[in-house]
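Reader: I have a model open and some labels to check. Take me through them one by one, please.

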Amino acid sequence: MNERLSSKLAHVGAVSPPDPIEFALQRALTLPRVSFIVPTLNEAENLPWLLPRIPSWAHEIIIVDGRSTDDTVAVARGLRADVKVVMEPRRGKGAALQAGFRAATGDIIVMLDADGSMVPEQAIVFVSALMAGADLVKGSRFIQGAGTDDMSLFRMFGNRGLTLFVRLLYGGWFSDLCYGYIAFWTKHVGTLNCDCDGFEIETLINVRALKNHLNIVEVASFEAPRISGESHLRAIPDGWRVLKTILRERVHQQHRRGVTACDDGG
């Protein structure tokens, strides 16, 4: 019987039918197109560390420059010929990221700071979590395997308080609110509808993701000190903007509920 079967197999040739499991894995491991968005303002000295480390599988790298007075744009173009440069006339990280979102053509957006504090190679962890089913993946500096060498105790205390405040008002279990290493599917840009210009944009994204019931995943990330130059973050004024954003989103949510209740009541 076995000889007859072998004979038949030999007759039809050596080509084996495709392994359904291997076939499925190959399809699943095909990376979506990933757009890296890097807002810059006088980051010429930091880009030589950052840009060469962005993975080769990136679909595109978008530098959104807020009118730097150094050679940021020239350095970026010299380091990677494929970099796309968007000049944003408005100042602020939020304004730059909004411009980047509009310019992105990939399936996934990865937000990356230009100061060398985030590890670009770690983006594969964010992309993997998205491919596994998440809508939005945010880095956290305060879970197992994570950390930071770039936060003062004052900023750490403020971030912790704001994080707990968001959990109280909106639910969720964030461990880190004000961190900019975030990735999400481009199809959610409209849902997040970012409309702020400053450092509060990370909070806005996180809160609106919660409000719209997106599937959010946190992954461990380590924040290194800025390589060169001074941070544009101002702890108290920007912390105040973050707090106002949290409260504004809550007020708008309650206002919409009131309008909906009035409409339902005729």
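Author: Start with burial: buried means under 20% relative accessible area, exposed means over 50%, and partly exposed lies in between, with a 1.4 Å probe and protein chains only. This is a predicted model, where local features need pLDDT of at least 70 and side-chain atom pairs count only at pLDDT 80 or more, while totals for chains, interfaces and linings use all residues. Residues are numbered from 1 along each chain as its sequence is written, and side-chain values use heavy atoms, with hydrogens and water left out.

Reader: Why is Cys-194 called buried?

Author: Its relative accessible area is 13%. The cut-off is under 20%, so Cys-194 counts as buried. Cys-196 is buried too, at 5% relative accessibility.

Reader: How do you know how many disulfides the structure holds?

Author: A disulfide is a pair of cysteine sulfur atoms within 2.5 Å. The cysteine sulfur closest to that of Cys-194 belongs to Cys-196, 6.4 Å away, so the two are too far apart for a bond. From the side of Cys-196, the closest cysteine sulfur is that of Cys-194. The structure has zero disulfides.

Reader: Why is H9 called mostly covered?

Author: In H9, 11 of its 11 residues are buried. Among them are Glu-202, Arg-208 and Lys-211. Ile-201, also in helix H9, has a relative accessible area of 0%. After H9 comes His-213, with a positive phi near 60 degrees.

Reader: What makes S4 and S7 a pair?

Author: Two strands pair if DSSP finds at least two bridges between them. Strand S4 (residues 108-111) and strand S7 (residues 182-185) have four bridges, so they pair. They run antiparallel. Ile-109 has Phe-184 in S7 as its bridge partner.

Reader: Which strands form the sheet, and why are some called edges?

Author: Seven strands make an open sheet of mixed pairing, in the order S3-S2-S1-S4-S7-S5-S8. Strand S3 (84-87) and strand S8 (216-220) each have a single partner strand, so one side of each lacks a neighbour in the sheet.

Reader: What makes a space a pocket, and what lines the largest pocket?

Author: On a 1 Å grid over the protein atoms alone, a pocket is an open set of points with protein on both sides within 12 Å along at least five of seven lines; lining residues have an atom within 4 Å of a point. By that rule 45 residues line the largest pocket, and Phe-199, Ser-231, His-232, Leu-233 and Asp-238 lie nearest its centre. Elements giving two or more residues to this lining include strand S1 (34-40), helix H9 (201-211) and helix H10 (235-264).

Definitions and conventions: On a 1 Å grid over the protein atoms alone, a cavity is a set of points where a 1.4 Å probe fits but cannot get out, and a pocket is an open set with protein on both sides within 12 Å along at least five of seven lines; lining residues have an atom within 4 Å of a point.
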